[in-house]
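This report covers side-chain contacts and surface features of one protein chain. The sequence and the structure come first.

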Amino acid sequence: MRKVIAVMVLLIAIAVPSFAAVTDMMANFTLTNSTSSMDITTANDVQFKFNIDLAADFNMIFDNGPGFDVALITEQNFNTIELGAYYAHKIDVNNDFDLIIMAGPRFKLASNFAVGVDCKVNFLIDMTPSCYISLGTGVLIDIVEFRNGDADTNVSFSIPLPSVGIGVRF
């Protein structure tokens, strides 16, 4: 876990000076119940589940519009680690309110390896010029999970309850 975080911090520290057109860099730390969701699978199985996740994302926005987001997510008992790499697009709604739309792949790295696709929306409400509150939701699609050499291709859609976080701009 520490090695993954150290590598991410190192990559961010190296990448930041190389982007001259960056207009916004944001770090978002979220306590979320993003798996408090209704799961609908292709096996006609509907489940409600409740877990608390911890998430940290780093957004880099270019020219007040397109950019990317890297997210590290873990569940409350730290038995799973997920890494997401998303295309992000920031929309300025007004002076104190922004919207970020993100889409891209998500990989479960601990326990069983799995691949999914996420489409998320975060609403950013400015508290100060450098601090904001983040409210978000989206659709999480699990595509394939590898367990003991077998692939489970039962597609699962999750619509999480809103996540709440705090973030900083630098």
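The sections below take up the basis of the values, salt bridges, strands, aromatic pairs, cysteines and a surface patch.

## Basis

The model is predicted, so local features need pLDDT of at least 70 and side-chain atom pairs count only at pLDDT 80 or more, while totals for chains, interfaces and linings use all residues. Residues are numbered from 1 along each chain as its sequence is written, and side-chain values use heavy atoms, with hydrogens and water left out.

## Salt bridges

Side chains of opposite charge can pair when their charged atoms come close. A salt bridge here is a side-chain nitrogen of Lys or Arg within 4 Å of a carboxyl oxygen of Asp or Glu. The count is 7 salt bridges. One of them joins D98 and R169, at 2.8 Å from N to O. Because D98 is in strand β7 and R169 in strand β12, this pair ties together parts that are 71 residues apart in sequence. Strands (E, at least two residues) are DSSP runs, numbered from the N terminus. Burial is stated by relative accessible area: under 20% is buried, over 50% exposed, and in between partly exposed (1.4 Å probe, protein chains only). D98 is buried at 6%, and R169 is buried at 14%.

Another salt bridge joins D92 and K90, with 3.7 Å between N and O. K90 is buried at 5% relative accessibility, whereas D92 is partly exposed at 44%. A network of salt bridges links K90, D92, D98, D126 and R169.

## D142 and its strand neighbours

D142 forms a salt bridge with R106, 2.9 Å from N to O. R106 belongs to strand β7 and D142 to strand β9, so the contact ties together parts 36 residues apart in sequence. R106 is buried, with a relative accessible area of 7%; D142 is partly exposed, at 30%.

D142 also stands opposite S156 in β11. Strands β9 and β11 pair in the antiparallel sense over 3 bridges, where pairing requires that DSSP finds at least two bridges between two strands. Strand β11 (residues 156–160) has S156, S158 and P160 on its covered face, and F157 and I159 on the uncovered one.

## Aromatic pairs

Rings of Phe, Tyr and Trp (its six-membered ring) pair if their centres lie within 6.5 Å; planes under 30 degrees apart are stacked, over 60 edge-to-face, and the rest tilted. There are 3 aromatic pairs. Among them, F62 and F68 form a tilted pair, 6.3 Å centre to centre with 40° between the planes. F68 is partly exposed at 27% relative accessible area.

The pair of F97 and F123 is stacked, because the ring centres are 6.0 Å apart and the planes are at 10°. This pair links F97 in β7 (residues 97–108) to F123 in β8 (residues 113–128), 26 residues apart.

## Cysteines

How many disulfides are there, counting cysteine sulfur pairs within 2.5 Å? The count is 0. C119 is partly exposed at 39%, and C131 is buried at 16%.

## Nonpolar patch

F29, F123, I125, M127, I133, L135, V164 and I166 form a nonpolar patch on the surface, with about 660 Å² of accessible area together. Such a patch joins nonpolar side chains (Val, Leu, Ile, Met, Phe, Trp, Tyr) within 5 Å, from residues with over 30% relative accessible area and no salt bridge; areas come from the Shrake-Rupley method with a 1.4 Å probe.

Strands β8, β9 (131–147) and β12 (163–169) each give two or more residues to the patch, and β8 gives the most, with 3 residues. I166, found in strand β12, is partly exposed at 43% relative accessibility.

Methods: Helices (H or I, at least four residues) and strands (E, at least two) are DSSP runs, numbered from the N terminus. A disulfide is a pair of cysteine sulfur atoms within 2.5 Å. Patches are made of residues with over 30% relative accessible area and no salt bridge: like charges are joined within 9 Å, nonpolar side chains (Val, Leu, Ile, Met, Phe, Trp, Tyr) within 5 Å.
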